[in-house]
Structures are given as C-alpha cells and as structure tokens.
Amino acid sequence: MDNHEAILKLLLDAVQANMFSTEKKEDTDEIPVGVSNRHVHLSQADMNCLFGEGYQMTKMKDLSQPGQYACKETVTICGPKGVIEKVRILGPVRSKTQVEVLLGDCFKLGVAPQIRLSGDLHGTPGITLVGPNGSVQITEGVIVAQRHIHMNCEDAKRLNVCDGQIVSIEVNGARGGIYNNVVIRANDASALEFHVDVEEANAMNINSLSKIKITK
C-alpha cells in the first residue's frame, strides 16, 4: 500500500466512524400513533339491509391492526338533530354494529356522547344508518372512542404494562402535553399503536408520523 492509498483509507475510516457516532439510536419506548376519523363497523345483518342480501364489502386499504381494513363503501348516519354523510365503513363485519363518532359530531347529530372502548356498547345511544339499499335503526352502538394503546403481549412485558391498565402518555412538540386515561389493550392479535381520534390528535398537533411515550 503506497502513501496515497494509506491516506485515503484513513480518511474513509474517519468518515465511517463519524457516521456511526452521529447515527440516532432508536428509542424502543416510543410508540407510533394512529389517528382515526368517524367510521362504522357493521354486522352482516345490517350490511344486508343497507347494501343488499349477501353483499360483500370492497377493501380499499389495510389498516395498521392485523386483519382490519377500510372499505370503499360509506353510509349516512342520521340523529335527531342532524346527519353526517359519507361515513367510512371498516371491515371485517362484526357481531354487532358500532358507530364511532367525534365528540363534536354528537352535538351535530343530537346524541349524548358516550366515551367507550370499542365493543363496550351497553347503554350507548342508537342512531339511523342509511345505505343505497335501505336504512337500519340501531338501538345502541354510538360511541366516542376512548384513547387507547394496542400492543401484543411481548410489547406489554417490555413496556411493563398489562391489558386493561390505565396509563398517561406524553406528547412532545409546540402543542404537546400529557394525555391521561389511556387504556392498554394487550393481546397477541394486536400491533403496537396509540389510537386517538382526529379531534384529540389536532388538539396536540400529532399525526400518523408522531411518536408518544408512556409516562404512567
């Protein structure tokens, strides 16, 4: 190796060493954010009424949670005081229809806001859904989603939390702060993600590129 090659090798080694030293280490405690807008989960029976017997939804795109997807189809939801059109349907079908709205939507529709976890529908308001083939009036099922974090059991162990635990999370940035009453939803069918609706996300200026941390 002549002097020129030796100097070149030293320079390359120095550049690579500098790259590795300045490379940002991944923070394993950070949790990605998923922001949801108003949407509907339909039972097959209500799907048949709204779109026709045996109708199958058309997948538009996969969502972050395994097996969940947004559909091409939308419905109109009608409350005592107002209506909201083009509310997206999420699949697959469920055993019971569930309508997730924003807090502000409740005032427009004229329904009492009930902040609940998905699936906890007892005692929640009903509403009318209108599709291209007909309408359905559900007696309960309208909720404002409670903020929560999906994760698998391995993530729960690593983050030292458990299914059903209530935690607080920290949001950085110019409009950052602390969100309390965040429910841990841990099972092996879930992917790690903090779920918040678009109203709460806007309040702290976070989006699907944001990361949060559990503060407990």
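This is a predicted model: local features need pLDDT of at least 70, side-chain atom pairs count only at pLDDT 80 or more; totals for chains, interfaces and linings use all residues.
The cut-off for exposed is over 50%, which places D62, at 54% relative accessibility, in the exposed class. These two residues form a salt bridge, in which the closest N and O atoms are 3.1 Å apart.

## A bridge between helix α3 and a loop

D105 forms a salt bridge with R38, with 2.7 Å between the closest N and O atoms. D105 belongs to helix α3 (residues 103–109), whereas R38 sits in the loop between β1 (31–36) and β2 (39–43), so the pair ties together parts that are 67 residues apart in sequence.

The two partners fall into separate accessibility classes: D105 counts as buried because its relative accessibility is 6%, and R38, at 25%, counts as partly exposed. The limit that applies here is 20%, since buried means under that value.

D155 counts as buried at 14% relative accessibility, while R158 counts as partly exposed at 39%.

The chain is divided into domain 1, covering residues 37–145, and domain 2, covering residues 147–214. A distance of 24 Å separates the C-alpha centres of domain 1 and domain 2. Across the boundary, 11 residues of domain 1 are in contact with 13 residues of domain 2.

The size of an interface is often given as the accessible area lost when the parts come together. Between domain 1 and domain 2 the buried area is about 950 Å², and carbon and sulfur atoms give 52% of it. On the domain 1 side, the residues that lose the most area to domain 2 are Q65, L102 and L117, which together account for 51% of what that side buries.

Between domain 1 and domain 2 the count of salt bridges is zero. Four residue pairs are in polar contact between domain 1 and domain 2, both residues of each pair being at pLDDT 80 or more. On the side of domain 1 that touches domain 2, α3 and β10 (142–145) each supply at least two residues. Sorted by class, that side of domain 1 has six nonpolar residues, five polar residues and no charged residues.

## The surroundings of H195

H195 is part of strand β14, which spans residues 193–197. The side chain of H195 is joined to that of E193 by a polar contact of 2.7 Å.

Leaving aside residues up to four places away in sequence, H195 touches G34, S64, Q65, R147, H148 and H150.

Terms used: Residues are numbered from 1 along each chain as its sequence is written. Side-chain values use heavy atoms; hydrogens and water are left out. A salt bridge is a side-chain nitrogen of Lys or Arg within 4 Å of a carboxyl oxygen of Asp or Glu. Helices (H or I, at least four residues) and strands (E, at least two) are DSSP runs, numbered from the N terminus. Buried means under 20% relative accessible area, exposed over 50%, partly exposed in between (1.4 Å probe, protein chains only). Domain bounds come from an automatic or database domain assignment. Contact means heavy atoms within 4.5 Å. Buried area is the accessible area (1.4 Å probe) that two parts lose on being put together, summed over both. A polar contact is a pair of N or O atoms within 3.5 Å; within protein, one must be able to donate a hydrogen and the other to accept it, and residues adjacent in sequence count only if both atoms are side-chain atoms. Ala, Val, Leu, Ile, Met, Phe, Trp, Tyr, Cys and Pro count as nonpolar, Asp, Glu, Lys and Arg as charged, and the others, Gly among them, as polar.
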